[in-house]
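Hi there,

Here is the structure I promised to pass on. Have a look at it first, and then read on for my notes.

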Amino acid sequence: MSMTIWLTFIATTFFISATPGPNMLLMLSHGTRYGWQATLATMSGALAGLGLLFALSAFGMATILATSATLFLIFKLVGALYLIYLGWQCFKAGSHLEMPNATADSAARRFRLGLTVALSNPKAILFAGAFLPQFINTTQPQAGQWAILLGSFFIIEAGWQVAYAAGGAKLGNWLQGPNRIKRFNQGCGAAFFTVGGLLATAQR
């Protein structure tokens, strides 16, 4: 892999990962509620989910989703409904930072939530199937190229997740008083609703 191709991939992925989406929104929310260190469990789940999605892409799921309108519709509607459910949970939190029915000290629960949110986005499979292969030189051995691309992607993605969680933790220090917390919960709820709506209306 040439240095030019790798740097182009790094720059593109840096801005793609920075874009607020379901994973980053969850990191911001959990960073605010639990602090960035506790959110590491959420990040681990999200990264594991992305790894699983990339593995599915390698086995041809990206091609199936790209060609099957029905399957893609089912995937995206299920994902959208789950994100909307998370938005409703934020609204129900009201003037409390802790989500309803949440156990703040349950790392396993946060891991599962991060995993579920990551898996709820079929666009990630298409990203792996359509975006990453553009940087592969098919005339050269591919294993090393894939290792470089995936390693770089996960480092950048993890870095942005930490940044969002740390930003949320600082925001949590500012949230003093029920009115601010309530507005924050409403904002998070609206954001999840918006992302869920965008996913529901997304095209392949």
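Among contacts in the chain between residues at least 6 apart in sequence, what percentage join residues at least 24 apart? The answer is 83%, where contact means heavy atoms within 4.5 Å.

Before the details, a word on the ground rules. This is a predicted model, so local features need pLDDT of at least 70 and side-chain atom pairs count only at pLDDT 80 or more, while totals for chains, interfaces and linings use all residues. Residues are numbered from 1 along each chain as its sequence is written, and side-chain values use heavy atoms, with hydrogens and water left out.

**Overall make-up**

The chain has 9 helices and 0 strands, so defined that helices (H or I, at least four residues) and strands (E, at least two) are DSSP runs numbered from the N terminus. Read from the N terminus on, the elements go α-α-α-α-α-α-α-α-α. Of the 204 residues, 43% count as buried; that term means under 20% relative accessible area, with exposed being over 50% and partly exposed in between (1.4 Å probe, protein chains only).

**The cores**

I looked for nonpolar cores, meaning sets of buried Ala, Val, Leu, Ile, Met, Phe, Trp, Tyr and Cys residues joined through side-chain atoms within 4.5 Å. The largest one has 14 residues, and those with the most contacts inside it are Phe9, Phe54, Phe131, Leu132 and Phe153. At least two residues of this core come from each of helix 3 (40-58), helix 7 (123-130) and helix 8 (143-174). Helix 7 gives the most, with 4 residues. Another core, of 9 residues, lies apart from it and includes Leu25, Leu86, Leu113 and Val117.

**Helix 2 against helix 6**

Helix 2 (residues 22-34) and helix 6 (residues 107-119) pack with their axes 9 Å apart, at an angle of about 160°. Axes here are lines fitted to C-alpha atoms, for helices over the stretch in contact, and angles run from 0 to 180 degrees between N-to-C directions.

On the helix 2 side, Pro22, Asn23, Leu26, His30 and Tyr34 meet Arg110, Leu113, Gly114, Val117 and Ala118 in helix 6. By class, this contact has 6 nonpolar, 3 polar and 1 charged residues. In that count, Ala, Val, Leu, Ile, Met, Phe, Trp, Tyr, Cys and Pro are nonpolar, Asp, Glu, Lys and Arg are charged, and the others, Gly among them, are polar.

- Gly87 lies in helix 5 (residues 69-93) and counts as buried because its relative accessibility is 0%. Not counting residues up to four places away in sequence, Gly87 touches Gly189, Phe192 and Phe193. Gly87 and Ala191 are 104 residues apart in sequence, yet 7.3 Å apart in space, C-alpha to C-alpha.
- Ala18 is in helix 1 (residues 3-18) and is buried, with a relative accessible area of 17%. Leaving out residues up to four places away in sequence, Ala18 touches Trp160 and Tyr164. The C-alpha atoms of Ala18 and Gly159, 141 residues apart along the chain, are separated by 9.5 Å.
- Ala108 is in helix 6 and counts as partly exposed, at 44% relative accessibility. Between the C-alpha atoms of Ala108 and Thr42, 66 residues apart along the chain, the separation is 8.6 Å.

Best wishes
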